[in-house]
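This report describes a protein structure, which is shown directly below.

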Amino acid sequence: MADVTTKVLIIGAGPAGYTAAIYAARANLKPVLVTGIQPGGQLTTTTDVENFPGFGVAVQGPELMEQMRQQAEHVGTSIVYDTITRVTLSQHPIVAHGDSGDVYLGDTLIIATGAQAKWLGSPGEAEYSGYGISACAVCDGFFYRGKEVVVIGGGNTAVEEALYLTNHASKVTLIHRRGCLRAEPILQDRLFAHPKIEVIWNAEVVAFLGENQPSPRLTGVRLHDRTTGSEHSITADGAFVAIGHDPATALFRGQLDMTDGGYIKIAPWSTATSLNNVWSAGDVSDDRYKQAVVAAGMGCMAALEAEKFLAERGSSFATKPTAKVMEPAK
């Protein structure tokens, strides 16, 4: 067990965390980044990424994150493979306890713990995730040009995903377990008016169907009719699970202001949280866009804001345990 001290502590190793680390390291702040249980974040579970700038051809998600890791390390980031289990934000320095037993002390903290898509847990879902099953239409819709897809869900996200997919797919089938949607009325109007969209009501996906030769590929879904109790299958080239996301904010509950959905609140055009030495970047605060390039931009913002905060306080703001309690951001 050891104490690790730093001016900038970063928790999370997705696009937001790595970008924050790159900017903080280039400012000579010698950041320490604790990766968490899934280094690289959600992109490590994706295949082709075509919408991240800088690549002439599609880059594999894991490869993109490995390049970010190498860049962060190259410019001076200390990357630690540990998982934070407890944090105390109400004192200076901030104290974060790792599963390894190490304790991390930071003058400032950048939270980049991300969010995870909610999944159904139905048979075949894990097997064909990335091979026809996705949780992001904007990320993967392009790969289904001229094909038939299904969207599972009944809220705003599901309806927005279905409408977006009509730009690419030949047919979009929305599958909802109830007899009415929870989405806003204006979105429902657009959905029902669209000629490419069909809705299957009162149905649950009980299995994702596919084949594995010559490579894994989704071929359809099996549905349980909640009204009649019968089951039937429909063909589909792609399935988009749109039942929401869970931001990874459990560590910070009761210590930072959050939205009703559990996302960390940040100030407009900023990544500032309710404490003035803590910033939040990426999907842990973004309940709208959920894009890697947006997360990376927020990571840049967080590092620049942390740098400004430290510069204004000078060398007297040192990483030494005190009784000082950080005040709420103004």
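## The disulfide

The torsion about the S-S bond of Cys136 and Cys139 is about 70°, so the disulfide is right-handed. The structure is a predicted model, and in it the sulfur atoms of Cys136 and Cys139 lie 2.2 Å apart. The count of disulfides comes to 1. A disulfide is a covalent bond between the sulfur atoms of two cysteines.

The two partners fall into separate accessibility classes. Cys136 has a relative accessibility of 16% and therefore counts as buried, the cut-off for that class being under 20%. Cys139, at 26% relative accessibility, counts as partly exposed. A further cysteine, Cys300, is buried, with a relative accessible area of 17%.

An open sheet is built from 5 strands in the order 10-17-11-12-13, and the pairing is parallel. Its edges are strand 10 (133-134) and strand 13 (197-200), each of which pairs on one side only. Helix 4, residues 156-165, packs on this sheet and touches strand 11 (148-152), strand 12 (171-175), strand 13 and strand 17. The direction of helix 4 makes about 170° with that of strand 11.

## Helix 4 against helix 5

Helix 4 also meets helix 5, which spans residues 185-193; the two axes come within 10 Å and cross at roughly 35°. This crossing of helix 4 and helix 5 is left-handed. On the helix 4 side, the residues involved are Asn156, Val159, Glu160, Ala162 and Leu163. Their counterparts in helix 5 are Leu187, Arg190 and Leu191.

## Strand 1 and its partners

Strand 1 pairs with strand 8 (residues 103-111) in the parallel sense over 8 bridges. In this pairing, Ile10 stands opposite Ile110 of strand 8. Strand 1 also pairs with strand 2 (residues 32-34), again in the parallel sense, over 3 bridges. Here Ile11 has Val34 of strand 2 as its bridge partner.

The loop between strand 2 and strand 3 (48-49) contains Gln38. With a relative accessible area of 27%, Gln38 is partly exposed. Gln38 and Thr113 are 75 residues apart in sequence, while their C-alpha atoms are 9.6 Å apart in space.

## The largest nonpolar core

The largest nonpolar core comprises 32 residues. Those with the most contacts inside this core are Val8, Ile10, Tyr18, Leu33, Leu64 and Ile110. At least two core residues come from each of strand 1 (3-11), helix 1 (15-26), helix 2 (61-74) and helix 6 (292-313). Helix 6 provides the largest share, 8 residues.

Which residues does Leu33 contact, leaving aside its neighbours within four places in sequence? The residues in contact with Leu33 are Ile10, Gly12, Ala13, Gly17, Tyr18, Ala21, Thr77, Ser78, Ile79 and Val80.

How values were computed
Residues are numbered from 1 along each chain as its sequence is written. This is a predicted model: local features need pLDDT of at least 70, side-chain atom pairs count only at pLDDT 80 or more; totals for chains, interfaces and linings use all residues. Side-chain values use heavy atoms; hydrogens and water are left out. A nonpolar core is a set of buried Ala, Val, Leu, Ile, Met, Phe, Trp, Tyr and Cys residues joined through side-chain atoms within 4.5 Å. Buried means under 20% relative accessible area, exposed over 50%, partly exposed in between (1.4 Å probe, protein chains only). Helices (H or I, at least four residues) and strands (E, at least two) are DSSP runs, numbered from the N terminus. Contact means heavy atoms within 4.5 Å. A disulfide is a pair of cysteine sulfur atoms within 2.5 Å. Two strands pair if DSSP finds at least two bridges between them. Axes are lines fitted to C-alpha atoms, for helices over the stretch in contact, and angles run from 0 to 180 degrees between N-to-C directions. A crossing is left-handed if the near helix is turned anticlockwise from the far one by less than a right angle, and right-handed if clockwise.
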